Amino acid sequence: MKKDIHPKYNSEVEVRCDCGARFTIGSTADKIHTEICYQCNPLYTGEKRIVDTAGRVEKFKQRIEKTKTFKVKKPSKVRENKKQIKSNKKAK
Ligand SMILES: [Zn+2]
């Protein structure tokens, strides 16, 4: 190992999770704060829950709602042309 280039390794660093869980791991950081850990992640708990930290799920749902109210307007020229074609056929 080269001297003076490696960060100090702490073998017991406390990790605090938003769910309230605390455990120790080895790390170069002094303390660690997480939003999700192995005790509350739905993958480990088997619970069906949406983990949303930045409101992304809410934004996506809003976008979906917007598309429901959006209607495609046909250009009126196309309709007029179709009417003309029909009337032309009748005339013949
Ligand atoms: Zn947790």
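Which residue takes a positive phi in the hairpin of E1 and E2? In this predicted model, the residue is Gly20, with a phi near 105 degrees. The hairpin has 4 residues between its strands.

E1 and E2 pair in the antiparallel sense, over 5 bridges. E1 also pairs with E3, but here the strands run parallel, and 3 bridges join them.

Now look at individual bridges. Arg16 has a partner in both other strands. In E2, Arg16 is bridged to Arg22. In E3, the bridge partner of Arg16 is His33. Cys17 is bridged to Thr34 of E3.

Finally, go back toward the start of the chain. Asp4 lies in the segment before strand E1 (10–17). Most residues other than glycine have a negative phi. Asp4 is not a glycine, yet its phi is positive, at about 65 degrees. Is Asp4 buried or exposed? Asp4 counts as exposed, because it has 4 C-beta neighbours inside 10 Å, and the cut-off for exposed is 12 or fewer.

Note on methods
Residues are numbered from 1 along each chain as its sequence is written. This is a predicted model: local features need pLDDT of at least 70, side-chain atom pairs count only at pLDDT 80 or more; totals for chains, interfaces and linings use all residues. Helices (H or I, at least four residues) and strands (E, at least two) are DSSP runs, numbered from the N terminus. A residue is buried if 20 or more other C-beta atoms lie within 10 Å of its own, exposed if 12 or fewer, and partly exposed in between; C-beta atoms are placed from the backbone. Two strands pair if DSSP finds at least two bridges between them.
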